[in-house]
Amino acid sequence: MDTRRLTARIAAGLGVMCLFHSGSALAAGSINALVWCDHTDAEFIRPFEEANDVKVNLKEFEGTGAALSILEQSQPGDWDVLIIDGVDVPKLAKDGVLASHPEEALPISDIWPEVLLEQNHKIDGKWYGMTELFGYNTIAYNKDKVDPADMLDMTTLWGDKYKGRMAVYDWHTPMIGLVAMGLGKKTAELGEADLPEIKETLFKLKDNTAQFTDVVASQTALATGEVDILFGGGEWLTGVLSQEMPNLDWVLPKQGGLMWSQSVTTLADAGNPEMALKFMQYILSPEGQARLATSSCYWAMPANMKTGDKLNDQQKAALRWDQQADYLANSQLYPVVDAELDEKMEDLWTEMQQR
Amino acid sequence: MNHTRLETRWQRWRFVLPALLWTVAFFVVPFVFMVVMSLWHRIGGKIVATWNLDNYSNFFAKPHLIKALLNSIEISLSVTVISLLLAYPLAWIIAERVPVRWQRTALILAVLPFWTSYVVRSYAWLLVLAKQGIVNTFLLDTGIIVEPLAIASSRYATVIGFVHFFVMLLTLTIYANLKQLSPNYARAAADLGAGPWRTFWHVILPLTLPGIMVGAFLTFVLCIGDYITPKILGGSNELVLPQVIMLQIGRRADFPNAAALSILLMMVVTLAYVVCARWLKMERT
């Protein structure tokens, strides 16, 4: 056999092998998930991929707006799983974007009752999503530099004591809600009439603020000592640093904290709906919850109460596991406002930053 | 005869056609789409073709949005002027004072920071300018200051970060222009009795103006469109227009409003081009 023919045969053989290989990869399947950065931790994803012989393709996004724009530009079947703020689930469900699931497919009785948020996830008797993690926008601080007793009263932050030593989480919805709580208002009843008083307080806050930060910049600012207080921070900020920097802490002041929650959903036109549901069930299982709650991006409280057995004492302490009953009782939900009021709130926030 | 003329015309066009198609597909069509989008609105979570100028009038009705544009212009102008003042002497030293065999090395050293991602570079500057950064530590240790300076998370930090980047760009464009200048211009000026300063002011500087203006225009355009550096180094204590545009997309998926703000930003850039082009009479060259 001449060399050229031999080469051609080897090439053909390799080609067939490649075909079979790609065929087996296709048989194993894959799902595409739009997620926040905590879900991209390999320690969280790998066990699911190995157990189900599936590839989970992840795309990170920031903010509901970004997720919606990605979905709008995608073809049906492009995405299987979507992680989103709990408050945004009803609208997407009503628009037909999300798939519904039978009650028995989800561990409903294992979820903290306060974060089940039935009003968000159950529409016309069908479950469209489930809270996977929750936490608080409250006050995170460096206890070596700040008197922890001061942090128990939110109004300290718009006094003069910590002027120039604090950063503020840069997102108008939770922060206006938090300031409203500091002024004794209910976030659920927030209306346009409340904005002038909130504006006055925001302007005082701006005078004391060194910088406005996103998630990553918040961690950097507190960890590098650039600021001593992060208004709007919580376990999502200090938990991931709790082993290396035990001086960073967080607390719910007497006015309470704003509870955030993120929900796992699957899409109505998912290309691989069975695997998408399996992924959702993995996320909500105690094993998945423990890995997700302590991911390398940020920490948060797992929604499944049974996760306690999977967390160690240090992780529980950083998440305030034993204080959740009190914390949940002293927290309020994000303000849910219409588009018009949301625009006014965003304008107010931008006006404050430009001051 | 007519056939030959047509053939000649086609020969001319066939060289231009690929570039023309590229420009139409990747600039003209998206631009037209953006203009159209800026006339629509996001209502009830959906983009609706409303065909009015509300997004533009909304901008002029909100002082904090106008301030974002003014911040963008002020920062970009400051960066352009400071970068020019630093880059010209640097380019001149490399072109005139550094031995020819070392000029390439000097240029590589000058543009070395280009090889790093500007996000990484911005975070690096943050560590330099932070309360516990190199600058404050040095000033505190030497007793020059007793309290750390608040340089990070300010406009100063944004300008420093930008200038570091754009000095390199301007150095390259000015250096290229200086190298093209025949040394006979300076010799002729000297023969006519002009001293070094007069030669520079009346001969060298005017002849290098095209390089300066091209670099200055590029600096202004790249600076006014950036939102990462102001976000990382400025600490969002004041917003520039690209940050506001990103907020419209990231928080509310309000593409129509973002498109209108982008068109306004493009109008400023176009104005900057017109100023540069008219001043240098670029259109005649």
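This is a predicted model: local features need pLDDT of at least 70, side-chain atom pairs count only at pLDDT 80 or more; totals for chains, interfaces and linings use all residues.
Local features need pLDDT of at least 70 and side-chain atom pairs count only at pLDDT 80 or more, while totals for chains, interfaces and linings use all residues; side-chain values use heavy atoms, without hydrogens or water. Residues are numbered from 1 along each chain as its sequence is written, with chains lettered from A and ligands numbered from 1 in the order in which they are written.

**View 1. Overall make-up of chain A.** Chain A has 15 helices and 13 strands (DSSP runs numbered from the N terminus: helices are H or I with at least four residues, strands are E with at least two). Its C-alpha atoms fill a box of roughly 90 × 45 × 45 Å along the principal axes. Of the 355 residues in chain A, 58% are buried (under 20% relative accessible area; exposed is over 50%, partly exposed in between; 1.4 Å probe, protein chains only). Take the contacts in chain A between residues at least 6 apart in sequence: 75% join residues at least 24 apart. Contact means heavy atoms within 4.5 Å.

**View 2. The two domains of chain A.** Domain 1 covers 30-133 + 265-314, and domain 2 covers 135-259 + 331-354. These bounds come from an automatic or database domain assignment. The C-alpha centres of the two domains lie 27 Å apart. In chain A, 14 residues of domain 1 are in contact with twelve residues of domain 2. The two domains bury about 1,000 Å² between them, with 67% from carbon and sulfur atoms (accessible area, 1.4 Å probe, that two parts lose on being put together, summed over both). Val87(A), Trp299(A) and Gln314(A) supply 41% of the area that domain 1 buries against domain 2, more than any other three residues.

**View 3. Polar links between the domains of chain A.** Zero salt bridges are counted between domain 1 and domain 2 (side-chain nitrogen of Lys or Arg within 4 Å of a carboxyl oxygen of Asp or Glu). Three residue pairs are in polar contact, both residues at pLDDT 80 or more. A polar contact is a pair of N or O atoms within 3.5 Å; within protein, one must be able to donate a hydrogen and the other to accept it, and residues adjacent in sequence count only if both atoms are side-chain atoms.

**View 4. Surroundings of Trp349(A).** Trp349(A) sits in helix α15 (residues 339-354) of chain A. Trp349(A) is buried, at 2% relative accessible area. Beyond neighbours within four places in sequence, its contacts include Tyr169(A), Trp171(A), His172(A), Leu202(A) and Phe212(A).

**View 5. Two residues with positive phi.** Most residues other than glycine have a negative phi. Arg320(A) has a positive phi of about 60°. Arg320(A) lies in the loop between α13 (313-319) and α14 (324-329) of chain A, and is buried at 13% relative accessibility. Ser153(B) has a positive phi of about 55°. Ser153(B) lies in the loop between α6 (134-141) and α7 (155-180) of chain B, and is buried at 7%.

**View 6. The interface of chain B and chain A.** Here 31 residues of chain B are in contact with 35 residues of chain A. The chains bury about 2,600 Å² between them, 40% of it on carbon and sulfur atoms. His64(B), Arg251(B) and Arg252(B) supply 25% of the area that chain B buries against chain A, more than any other three residues. Four salt bridges cross the interface. One of them joins Asp214(A) and Lys231(B), with the closest N and O atoms 3.2 Å apart.
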